[in-house]
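Please examine the sequence and the structure below before reading on.

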Amino acid sequence: LPVVVLISGSGSNLQAFIDGQARGELPIDIRAVISNRADAYGLERARAAGIPGEVLSHRGFDDRASYDRALAEVIDRHEPGLVILAGFMRILSDAFVTHYLGRLINIHPSLLPDFRGLHTHERALESAVQVHGCSVHFVIPELDAGPLIVQAEVPVWPDDTPETLARRVQIQEHRIYPLAVRWLAEGRVCMREGRTWMDGRPL
Ligand code: GRF
């Protein structure tokens with residue numbers, strides 16, 4: 001399955017895809033890594049893996065709609081069957097999301113529908129939840145509200161800081177994101193009628 005990965009930062013989830021592919025566990029072809037930030041460390045990871053990296057800065061665009069149109073143009077040049085958001089820290093316009101509906105996925109560092117938006121680990125600690133985690137979901141126009149594909153839970157310990165909790169969650173991110181992508185690549189998972197289907201049945 002040809003894929004394009006969108007990043008803004010460290011790219012540790014991108015690395016999990018690169019590693020899974022190298023181990024022969026992930027039937028994908030990462031055609032390109034696109035970042036909105038030139039200093040994203042994930043671009044180094046792409047380069048080290050021989051994957052073309054591209055930077056499309058949001059500076060210099062008048063509005064979200066025009067940036068998103070330019071972004072879609074860069075993505076579509078690679079003809080991906082799947083577009084993977086991996087720490088891409090921009091809200092995407094409805095038109096962009098609709099263009100890729102059913103082939104655009106994201107990982108969010110909480111057990112959705114809890115803690116949509118930013119600063120999820122801080123908010124989990126403030127709410128004193130005992131279980132936290134991460135979610136892979138299809139992207140729809142409403143932020144962090146798309147149909148779920150897979151989630152992983154982690155315990156929250158009394159002495160956790162946002163950093164220790166984030167680390168525990170990220171270990172699970174690197175496990176479930178490649179898993180979800182593998183299911184998509186194998187045709188086991190899809191989005192239809194606004195919900196997720198797995199092996200022919202609604203999730
Ligand atoms: C992850 O925590 C992900 O859940 C969130 O952004 C972070 C990206 O990390 N959406 P990385 O760039 O993959 O290391």
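The sections below treat the domains, the nonpolar core, the ligand shell, the annotated positions and some details of the backbone.

## Model and annotated domain

The structure is a predicted model. An unreviewed UniProt entry places the feature "domain: Formyl transferase N-terminal" at residues 3-181.

The domain assignment divides the chain into domain 1 (1-100) and domain 2 (108-135 + 152-203). Taken over C-alpha atoms, the centres of domain 1 and domain 2 are separated by 20 Å. Contact between the two involves 12 residues of domain 1 and 10 residues of domain 2.

On the side of domain 1 that touches domain 2, H1 and E4 are the elements that give two or more residues. H1 provides the largest share of that side, with five residues. By residue class, the side of domain 1 that touches domain 2 comprises eight nonpolar residues, three polar and one charged.

## Nonpolar core

In soluble globular proteins, nonpolar side chains tend to be buried together. In this model the largest nonpolar core has 47 residues. Val5, Leu6, Phe17, Ile84, Ala86 and Ile105 have the most contacts inside it. The largest share of this core, six residues, is contributed by H6. Both domain 1 (1-100) and domain 2 (108-135 + 152-203) supply at least three residues each to this core.

Alanine 86 illustrates these contacts. Leaving aside neighbours within four places in sequence, alanine 86 is in contact with Val5, Leu6, Ile7, Gly11, Asn13, Leu14 and Ile107. Two of these partners, Val5 and Leu6, are themselves listed with alanine 86 among the core residues with the most contacts.

## Shell around the ligand

There are 15 residues around the ligand, and Ser10, Ser12, Asn13, Gly87 and Pro109 come nearest. Helix H1 (12-22), strand E5 (104-108) and helix H6 (162-185) each contribute at least two residues to the shell. The shell contains five nonpolar, nine polar and one charged residue.

Domain 1 (1-100) and domain 2 (108-135 + 152-203) each give at least three residues to the shell around the ligand.

The unreviewed UniProt entry places a "binding site" feature at Arg64, Met89, Arg90, Ile91, Leu92 and Asn106.

Methionine 89 is in the loop between E4 and H4. With 13 other C-beta atoms within 10 Å, methionine 89 is partly exposed. Leaving aside neighbours within four places in sequence, methionine 89 is in contact with Ser8 and Gly9. Methionine 89 and aspartate 63 are 26 residues apart along the chain, and their C-alpha atoms are separated by 16 Å. Leucine 92 lies in the loop between strand E4 (82-85) and helix H4 (94-99). Leucine 92 is buried, because 23 other C-beta atoms lie within 10 Å. Not counting residues up to four places away in sequence, leucine 92 touches Asp68 and Val97.

Asparagine 106 is found in strand E5. Asparagine 106 is also buried, because 22 other C-beta atoms lie within 10 Å. Apart from neighbours within four places in sequence, asparagine 106 is in contact with Leu85, His137 and Val139.

## Backbone details

The peptide bond from leucine 112 to proline 113 is cis, with omega near 15 degrees. Proline 113 lies in the loop between E5 and helix H5 (120-126).

Glutamate 79 is not a glycine, yet has a positive phi of about 45 degrees. Glutamate 79 belongs to the loop between helix H3 (64-76) and E4, and is exposed, with 9 other C-beta atoms within 10 Å. Alanine 128, likewise a residue other than glycine, has a positive phi near 55 degrees. Alanine 128 sits in the loop between H5 and strand E6 (131-138) and counts as exposed, with 8 C-beta neighbours inside 10 Å.

Technical notes: Residues numbered from 1 in each chain as written. Predicted model: local features only at pLDDT ≥ 70, side-chain atom pairs only at ≥ 80, totals over all residues. UniProt positions renumbered as here; feature names shortened; annotations may be inferred. Near = placed C-beta within 6 Å. Helix = DSSP H or I, 4+ residues; strand = E, 2+ residues; numbered from the N terminus. Nonpolar A, V, L, I, M, F, W, Y, C, P; charged D, E, K, R; others polar. Domains from an automatic or database assignment. Buried ≥ 20, exposed ≤ 12 C-beta atoms within 10 Å, placed from the backbone. Contact = placed C-beta atoms within 7 Å. Core = buried A, V, L, I, M, F, W, Y, C linked by C-beta atoms within 7 Å.
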